[in-house]
Structures are given as structure tokens and as C-alpha cells.
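These are my notes on the model shown here. They go through one chain, then the copies, then the contacts between them.

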4 protein chains.
Amino acid sequence: MTEMTTDRLTAYSDGVIAIASTLLVLNVHPPGVGEPLTWSTLWAQWPAYAGYVISFVIIGIMWVAHHRMVALLARVDETLLYLNLALLGLIAFIPFPTAVLADALAQPRSSEIVIAEVLYGGTMAAIGGVFTLLWFHLARRPRLLRASEHHQTARRRARLALLGPLAFLLTIPLAYLNTRLPLVSYALIGGLFASRPPRS
Amino acid sequence: MTEMTTDRLTAYSDGVIAIASTLLVLNVHPPGVGEPLTWSTLWAQWPAYAGYVISFVIIGIMWVAHHRMVALLARVDETLLYLNLALLGLIAFIPFPTAVLADALAQPRSSEIVIAEVLYGGTMAAIGGVFTLLWFHLARRPRLLRASEHHQTARRRARLALLGPLAFLLTIPLAYLNTRLPLVSYALIGGLFASRPPRS
Amino acid sequence: MTEMTTDRLTAYSDGVIAIASTLLVLNVHPPGVGEPLTWSTLWAQWPAYAGYVISFVIIGIMWVAHHRMVALLARVDETLLYLNLALLGLIAFIPFPTAVLADALAQPRSSEIVIAEVLYGGTMAAIGGVFTLLWFHLARRPRLLRASEHHQTARRRARLALLGPLAFLLTIPLAYLNTRLPLVSYALIGGLFASRPPRS
Amino acid sequence: MTEMTTDRLTAYSDGVIAIASTLLVLNVHPPGVGEPLTWSTLWAQWPAYAGYVISFVIIGIMWVAHHRMVALLARVDETLLYLNLALLGLIAFIPFPTAVLADALAQPRSSEIVIAEVLYGGTMAAIGGVFTLLWFHLARRPRLLRASEHHQTARRRARLALLGPLAFLLTIPLAYLNTRLPLVSYALIGGLFASRPPRS
């Protein structure tokens with residue numbers, strides 16, 4: 001009775017994830033009072049728009065991934081609860097590295113872009129890491145799962161989930177080679193995860 | 001089991017749409033510290049209030065339209081999931097063109113107002129376009145619908161939905177004729193969509 | 001099937017009302033970078049804290065009042081939908097008059113305080129007015145109600161609901177007599193509505 | 001029928017708590033326009049990150065504690081409703097003392113850190129105090145509980161809940177001894193509450 005239900009875990013997680021993605025728009029500022037509004041001042045902000053799009057899509061994909069995991073759950077234990085809290089804390093943090101990345105891309109200093117990309121890729125890798133821990137936890141605790149056949153699924157997902165943090169970790173050295181490469185990688189990683197079939 | 005349920009799609013969508021409309025208030029600023037508070041300084045901000053009202057109402061109408069679509073769904077496929085994500089990303093973006101429009105209207109330069117109206121009308125047209133794609137997708141995938149008679153509904157709605165992006169696209173050339181015309185159009189389009197019967 | 005369900009109306013309304021009350025904290029600013037943090041600089045912000053408390057409580061009471069109304073509903077028609085949207089738009093606007101009131105109270109010019117109180121009381125009166133319209137609408141449309149005995153309730157509530165906007169309208173002339181009187185009135189009105197029995 | 005259901009109390013509470021924790025990210029600012037982005041300017045903001053982590057975790061633990069309480073409820077009375085509103089108002093306020101604490105820690109003046117810690121610890125103690133009042137209320141009103149065996153639980157929890165405000169009150173004098181001690185205490189208190197078993 002007093003155990004955390006998956007329903008309420010879902011409600012809180014959906015709330016935090018939806019709010020985090022909606023707050024991203026606060027990083028896109030209209031031109032200041034003194035500055036004139038022209039197509040070129042609007043266009044000069046392309047990194048802010050790009051950051052908005054990439055982070056909104058990545059958070060959306062994480063929400064789908066989170067749903068796929070929670071759909072297998074019959075119950076929630078302490079470890080899962082706190083791993084999920086860490087996951088939410090990192091996802092709710094995404095507006096910050098997104099803003100830093102957009103600000104850095106708007107300026108021509110490549111050293112700043114590298115730092116921003118390490119921060120961004122690192123945050124995403126950390127989120128992927130917590131997702132992986134969650135799947136490994138489920139693979140080791142079959143009693144948390146709805147059905148015995150989900151045990152196989154959880155083990156397979158745990159191995160697959162490792163690809164997320166690895167992919168984002170790999171974007172970090174890319175930043176030192178060419179500051180545009182990590183941006184391409186984020187889009188590719190997003191596309192890759194989005195194209196994973198919803199059942200497996 | 002691991003398929004996305006319409007329930008959770010609804011919860012996430014409602015969350016994002018509700019937050020986007022509530023964040024609009026952050027575009028309405030109290031007068032700054034140095035500036036005195038008088039009826040005329042409050043009134044000078046009328047574009048911020050107008051932007052708040054128009055965008056709040058338009059987002060509300062979009063929420064109703066979204067509900068009408070989701071109510072027909074029996075299941076969710078990948079395409080629908082990602083089209084819905086694109087829809088949410090555009091709706092959550094609305095506070096930005098709203099702020100740009102309000103700032104432009106507060107200044108007497110008509111060239112800025114035109115740019116802001118193109119941005120605002122373009123964002124709304126893009127949202128209408130994604131709504132149309134969603135309805136055409138449902139019209140082509142009857143297995144996603146709750147009942148066979150909804151197939152007819154989806155096809156009719158797909159054609160009707162085209163009116164949304166077209167109407168907003170038409171506001172763009174109006175901006176070049178007279179900067180007040182698009183504002184009137186937004187209200188008319190809102191009123192038109194609001195008055196569509198809830199069943200059809 | 002494609003009619004708006006009361007469930008989803010509740011979800012959207014709860015979302016907007018919860019977010020509006022939580023955004024109030026953004027009006028409470030930590031002292032700026034140059035300014036030292038002392039007990040007196042913290043205390044100098046008392047109007048921001050008072051505004052937070054009063055508006056949070058008033059929004060909370062409105063949420064309870066909204067719940068009491070929705071609990072009687074069997075179905076939702078167009079008028080109810082758009083009146084509810086107007087209600088949400090006004091509630092989501094509350095952070096703005098709250099910020100204006102807090103800023104005005106922090107300065108010693110009583111003419112500014114009067115303007116801020118008229119704005120605040122006027123917003124609250126408008127919300128009370130929409131609540132009254134909603135109750136009168138329900139009193140005239142028994143088919144929207146869950147049970148026939150709710151018809152009596154709706155009529156009684158419609159008359160009682162008139163007290164809300166009247167009470168807030170009365171705070172407006174008070175502002176011209178003494179700038180502290182409306183603040184006392186907001187607390188009294190809040191207390192009065194809070195103490196109304198949950199069943200009637 | 002018109003009584004507040006625990007479902008809707010849960011929805012509103014989850015909304016406010018989820019939003020409050022997500023708004024914490026707005027306290028973490030990217031370096032300003034003039035300021036260069038280097039690892040040391042990013043690192044100079046460690047108090048903002050620390051504040052984010054501590055407050056996100058504490059709000060998460062409060063959400064779990066809130067869930068444990070609501071799970072025992074069969075119905076909601078007026079007192080519970082308004083105590084819950086006070087609880088939500090204090091939780092939604094957390095971003096402010098968090099921002100004040102982060103700003104103070106970023107500056108080397110220990111007198112400011114003490115003030116910020118008193119404010120932070122005081123807010124947390126007040127939240128703990130309202131939680132305690134809620135448990136004592138449930139212990140005195142068995143008719144609000146789902147089952148008769150929950151009466152014992154409520155009484156035990158009421159006594160345990162007292163530890164929360166006491167622990168946070170004790171961090172206040174610690175601030176005067178050493179400005180780092182309260183920070184350690186917040187983490188310890190968080191850990192202690194997190195490790196309480198989900199059933200008891």
C-alpha cells in the first residue's frame with residue numbers, strides 16, 4: 001500500500017521531463033531593447049534555435065525511452081526510485097548546457113565551443129549512464145518486472161543502453177578535432193535512438 | 001505492452017501545452033526599477049498583453065484540437081510519436097515569436113513589425129502544417145484509430161486541417177500591406193477554429 | 001467519443017493552475033551582484049514575500065473552487081470550454097499583477113501602490129467574474145451536470161460566486177482611501193473563501 | 001461527490017513539486033556576454049551546481065515522503081487541504097533560498113553565507129514542520145485513513161516526522177560555528193531521509 005506505485009513515478013517523471021523541455025524556450029531571447037529587429041539579427045541567433053531543436057528532440061527521445069522502461073515495471077524499489085531521481089535531475093539540468101552551447105556557438109572563439117561541447121556531451125553521457133544503470137538494475141531484479149519474459153528484454157536493453165553514454169562520450173574528443181563534428185554527432189545519435197523499434 | 005499508450009502521450013502533450021501557455025506570462029514585465037508605475041507606462045505595454053491573450057487563446061485552441069485527434073486513437077506508431085514531438089516542440093516555441101511580436105509592436109518601426117509578424121505567422125503555419133501531416137497520417141493508417149467510422153472523420157479532418165496553415169500563411173503577405181492586418185487575422189483565425197463544432 | 005472529457009479538462013486546468021502558482025517564485029529575486037546580503041536587504045523585500053504568499057494562497061483557493069465545480073460535471077460543452085480557457089488565462093496572468101504590486105509596495109510612492117492595487121484587485125475581480133459566469137452557465141444547462149440534485153447546487157453556487165468579484169471590486173476604492181486596506185482585504189477575502197464548507 | 005478526492009490532490013501536488021524542482025535550473029546561469037567561457041569560469045559557479053543538486057534531491061525526497069503520506073489517505077478534509085497548500089507553497093519557494101545560498105557561497109564574505117544558510121535551513125525546517133503537522137492531523141483523524149492499521153503508522157510517522165524540522169533547525173547554529181558545516185548537514189539529512197525504508 002505504501003509502496004511507490006509506477007503510476008505516480010510516471011506522473012512525476014512526465015512532469016519533470018515535460019517542464020524541462022518547455023523551459024528550453026527561455027534560452028531563446030528576443031533582441032534586446034537597443035538592438036534593431038532585422039532578419040540578420042534574428043538569424044544571428046541560429047545557435048539558440050539549433051540548441052532548442054536538438055535538446056527538445058533529445059529530451060523527447062529520452063521521454064520515449066523512459067516510457068519503454070516504466071512500461072515493463074510491476075513495482076518500484078528504493079534503488080530504482082533514487083536512480084530515477086538522478087535521471088530526472090540530469091534531464092532537468094539540460095537547459096543549462098544547452099544555453100552554454102548556444103552562447104559559445106554564437107561567438108567565434110573555438111576554445112569556448114570545445115568547452116561547451118564537452119559540457120553538453122558530458123551531460124548527455126551522464127544521462128545515458130544512469131539509463132544504463134537503471135536497465136542493469138532491472139536485469140538483476142526480475143521481481144520488479146511485470147512478466148517473466150521481460151527479464152530477457154531487460155538484459156538486452158541493458159547492453160543496448162550502454163551505446164548511449166558511449167556515443168556521447170565519443171563526441172567529446174571529436175570536439176577537439178573540429179568544433180562542428182559534435183553537433184553532427186548529436187543529430188546522428190538522436191536519429192539512431194529515435195529509429196530503434198518501439199518493441200524489441 | 002511496451003507500445004506507447006495514448007494515455008501517456010496525452011499526459012506528456014498536456015504537460016508541454018499547459019506549460020507553454022503558462023510561460024507566456026514571463027513575457028509581460030513589470031516596469032523596471034527606474035521607471036515610474038503610471039497608467040500610461042502600464043498601458044504602453046499593450047502589445048505584451050495582446051500577445052499574451054492571442055497566444056494563450058491560440059494555444060488553448062490547439063490543445064482542444066489535439067484532444068480531438070487523440071480521442072480517436074487506439075494506438076500510437078513511431079511516425080505519430082515523432083510528428084507529435086515536432087508539434088509539441090513548435091507549440092513550446094510560441095513564447096519566443098510572441099515576445100518578438102510584442103517587442104516590435106511596442107516600437108514605431110513598421111519594418112520590425114513586419115518581420116515579427118512573418119515569424120509569428122510562420123510559426124503558426126508550421127504548427128498547422130504538422131497538424132495536417134498528423135491527420136493525413138491517421139487517414140492512411142486506419143489501424144491506429146479506435147473505430148472504423150473514424151476513418152471517414154480522419155480523412156475529412158485532414159482536408160479541413162489544411163485550412164490552418166493556409167490561413168496563417170496568408171497573414172504573411174498581409175503584413176507587407178498593413179502592419180495591423182495580421183493581428184486582426186490571428187483573432188479571426190482563432191475565432192474560426194474555436195467555433196468549429198466539437199463533434200463532426 | 002470526440003467530446004471533451006472532464007478528465008482531460010481537469011488535467012489541463014490542474015497543469016496551468018499548478019504552474020502559475022509555482023512561477024510566482026520567479027518574482028522573488030536574490031539581492032543583485034553588487035548588493036550585499038544582510039538581514040535588512042532580505043527584509044526590504046517583504047512585499048515580494050507577501051505577494052508570493054497571498055497569490056499562492058489565492059491560486060490554491062481557486063484551484064479548490066475549480067475542483068468543486070468540475071466534480072459536478074458529467075460533460076463539457078463549447079461555452080464551458082472557452083469560459084474555462086478564459087479563467088485559466090486570467091489565473092496564469094496572476095504572476096504579473098503580483099510582481100507589479102510587490103514592486104510598488106517596495107517603493108514609498110503611494111500613487112504607484114494605488115495603481116498596482118487596482119490592477120491586482122481588478123485581475124482577481126475578473127477571475128471571480130468568469131467563475132460566476134461558469135456557475136450561471138451550469139445553472140442554465142442541467143444536462144452538463146452529473147445528477148439532477150446538482151442543479152440546485154449550481155444555482156446556489158452561481159449566486160454565492162457573485163460575492164467573489166464584488167469583494168475584489170470593493171478593494172479598488174479602498175486603495176484610494178488607504179494603501180494598506182486592500183492588502184488586508186485580500187487576506188480577508190482569501191480567508192472567507194477558504195472557510196466555505198467543501199460540501200453545500 | 002463534491003469532496004476533494006485524493007487523486008486530484010495528488011495531481012496538483014505532483015505538479016507543483018515537479019515544477020519547483022525543474023525551475024531550480026533557472027538559478028544556474030551561463031557566463032554573461034562579456035565574460036569568457038573557460039573551465040575556471042564554469043567551475044567558479046560550483047555553488048550554483050551544488051545548490052541545484054542538494055535542492056533537487058531534497059525536493060525529490062519530499063515528493064517521496066508526500067507520496068507515502070497520500071498513499072494512506074481515504075479522504076481529504078479542509079485542514080489537510082490547507083496544510084497541504086502551505087506545504088506546497090513552501091516547497092515551491094525553495095528555488096529562492098537555493099539561489100540566495102548559491103550567490104552567497106560564490107562570494108568570500110562569511111557573514112553572507114551564514115545569513116543564506118539560516119534562510120535555507122529555516123525554509124527546510126518550516127517544510128518539515130508542516131509535514132509533522134500533517135502527520136499529527138492524520139494521527140488524530142483516523143476516518144481520513146484507508147485502513148484501521150494505518151492509524152498506528154500515522155502515529156509513528158508523526159513522531160518520526162518531528163526529526164525533519166529538528167534536524168534542519170540544528171543546522172542553523174552550525175552556520176555560526178563554521179560556514180561549511182550546514183552544507184554537510186543538508187547532505188546528511190537528505191541521505192538519512194532517503195534511506196528510510198519505503199514501508200514501515
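How many helices and strands are there in chain A?

1. Fold of chain A. There are 9 helices and 0 strands in chain A, where helices (H or I, at least four residues) and strands (E, at least two) are DSSP runs numbered from the N terminus. Read from the N terminus on, the elements run α-α-α-α-α-α-α-α-α.

2. Basis of the values. This is a predicted model, in which local features need pLDDT of at least 70 and side-chain atom pairs count only at pLDDT 80 or more, while totals for chains, interfaces and linings use all residues. Residues are numbered from 1 along each chain as its sequence is written, chains are lettered from A and ligands numbered from 1 in the order in which they are written, and side-chain values use heavy atoms, with hydrogens and water left out.

3. Extent and burial of chain A. Along the principal axes, the C-alpha atoms of chain A fill a box of roughly 60 × 35 × 25 Å. Of the 200 residues in chain A, 60% are buried; buried means under 20% relative accessible area, exposed over 50%, and partly exposed in between (1.4 Å probe, protein chains only). Chain A exposes about 7,800 Å², of which carbon and sulfur atoms supply 68%. Accessible areas come from the Shrake-Rupley method with a 1.4 Å probe, and for residues only the protein chains shown count as cover. Among contacts (heavy atoms within 4.5 Å) in chain A with a separation of 6 or more, 76% are between residues 24 or more positions apart.

4. A surface patch. A:Phe136, A:Leu162, A:Leu166 and A:Leu169 form a nonpolar patch on the surface, with about 330 Å² of accessible area together. Patches are made of residues with over 30% relative accessible area and no salt bridge; like charges are joined within 9 Å, and nonpolar side chains (Val, Leu, Ile, Met, Phe, Trp, Tyr) within 5 Å. A:Phe136 belongs to helix α6 (residues 110-140) of chain A and counts as partly exposed, at 33% relative accessibility.

5. Pairs of chains without contact. Chain A and chain C do not touch, and their nearest C-alpha atoms are 9 Å apart. No contact joins chain B and chain D either, with the closest C-alpha atoms 9 Å apart.

6. Salt bridges. The structure holds 4 salt bridges over all chains, each a side-chain nitrogen of Lys or Arg within 4 Å of a carboxyl oxygen of Asp or Glu. One of them pairs B:Glu78 with A:Arg68, the closest N and O atoms being 3.4 Å apart. B:Glu78 lies in helix α4 (residues 78-93) of chain B and A:Arg68 in helix α3 (residues 46-70) of chain A, so the pair joins two chains. A:Arg68 is buried, at 7% relative accessibility. B:Arg68 and C:Glu78 also meet in a salt bridge (3.4 Å, N to O). B:Arg68 is in helix α3 (residues 46-70) of chain B and C:Glu78 in helix α4 (residues 78-93) of chain C, so this pair joins two chains.

7. Around D:Asp14. The side chains of D:Asp14 and D:Trp63 are joined by a polar contact of 3.1 Å. A polar contact is a pair of N or O atoms within 3.5 Å; within protein, one must be able to donate a hydrogen and the other to accept it, and residues adjacent in sequence count only if both atoms are side-chain atoms. Leaving aside neighbours within four places in sequence, D:Asp14 is in contact with A:Arg8, A:Ala11, A:Tyr12 and D:Trp63.
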